[in-house]
Structures are given as C-alpha cells and as structure tokens.
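Q: I'm new to this one and would rather see a single part well than everything at once. Please pick a spot and walk me through it slowly.

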Amino acid sequence: MNGSGYTIVQAGAEVPAEEFVRRYVDLKDPAAGCRPCPDYGRYWTCPPYDVPAAEYWGRYETVLLLGMQFHFTRELLERRFTPEELAEYTRVLTAAHARRMDEHLRALYPGAAVLTTGGCMLCAACTRPAGRPCRHPEAVGYSLESLGCDVGAAARGELGWELLWPRRDKLPRYLTLLCAVLR
C-alpha cells in the first residue's frame, strides 16, 4: 500500500492472552509509563482506570497484535524538518491511520476490545476532567502502553520489528503503529 511519500507494510500475530501478558505486560505497575504524561487522568483513555489491568487483560483469551510500518521515500528521509514540523507530520500521519485502523477493526471484530496507540481523538474536549461520563464508551480504545504493555518488546517478539524514532530534524527509515484486538 502506498501513501504520499511512504509505503505501508503490515503484519500481525495472534497470541494467547495469558502468554502475551506474561511476556509483554507489567501488571505490577501498568501505568508507570503514563504517570509522567500531562494527560494522565485527564482523558477516559488514560489511566488511572476503574478496572485493574490484570482484570482487564484476564477477560480475554487471545491477543491479535497488528502492526503497520510507514517506510518513507528517499526524498522524505533526506528532508530536514524543524522539530515542530516533524512532530506535526508524524502526529497527523499516525493519528489518521490509527483512527482508520481502529474503525476497520471494530467493524471486523464486533464486540472485541481494540487497543490503540496514543490518545483518544473522538471528542474536541473530554468529559473526564468535568467528572462526567464518557460520551462514547463503546468506542473508547485504551492504549497498549496504558495497560502496561511494553510495545517495543511485543513488536520485536511477535512481529520481528524494531521500533525506530525520529531524530530532532529527520524521519527514521520507518515509523511503526501497533494496535491489538482482544477476544
């Protein structure tokens, strides 16, 4: 699949949930990576959650880990970005594909939990800071990271992919987007 300035490579792996959790999830302190984030507790897709991570993962028998890599053209790889341009480019690229992937997976696996990357973008303003319930509880997708998943280890162990990150002014060879369907 081709986009503007990149080619998409996709992969997936199905793993028993108990095995996935044992290999890649920190149940002792699942929200450790999220606590320093300024969004912690401000969105329904961010911890702390009402349900402990172990209980959440324990509801499911299988984890279908799905990955999408964006392999950039030589022109984009050679381009120098300002830090702001690079952050905006990667945010827009991954957010658009994450949203489409989430919608596709929810249609393909009705009733399954879909775990995404990053935060929720369903509403302009989340109701959580005001103490009101979520407007779209059926569409909320927690992030893998927020439930204690070491996404880098899961990508490496199940898909054989290393996660690469942008430098201050350059794109990496590819960016990776991961999500999971829990059934």
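A: Let's go to the second largest pocket, which holds about 390 Å³ of space. The model is predicted, so local features need pLDDT of at least 70 and side-chain atom pairs 80 or more, while totals for chains, interfaces and linings use all residues. Residues are numbered from 1 along each chain as its sequence is written, and side-chain values use heavy atoms, without hydrogens or water.

A pocket here is an open set of points on a 1 Å grid over the protein atoms alone, with protein on both sides within 12 Å along at least five of seven lines; lining residues have an atom within 4 Å of a point. The volume is the space filled by probe spheres set on the points, with a 1.4 Å probe.

Twenty residues line this pocket, and Trp44, Tyr56, Pro137, Val140 and Tyr142 lie nearest its centre. The lining has 15 nonpolar residues, 5 charged ones and no polar ones (Ala, Val, Leu, Ile, Met, Phe, Trp, Tyr, Cys and Pro count as nonpolar, Asp, Glu, Lys and Arg as charged, the others as polar).

Now follow Tyr56 and Tyr142: together with Tyr49 and Tyr60 they form one aromatic cluster (rings pair if their centres lie within 6.5 Å; planes under 30 degrees apart are stacked, over 60 edge-to-face, the rest tilted). Leucine 115 is in contact with both Tyr56 and Tyr142 (heavy atoms within 4.5 Å). Leaving aside neighbours within four places in sequence, leucine 115's other contacts include Trp57, Leu144 and Leu182.

Notes:
Rings of Phe, Tyr and Trp (its six-membered ring) pair if their centres lie within 6.5 Å; planes under 30 degrees apart count as stacked, over 60 as edge-to-face and the rest as tilted.
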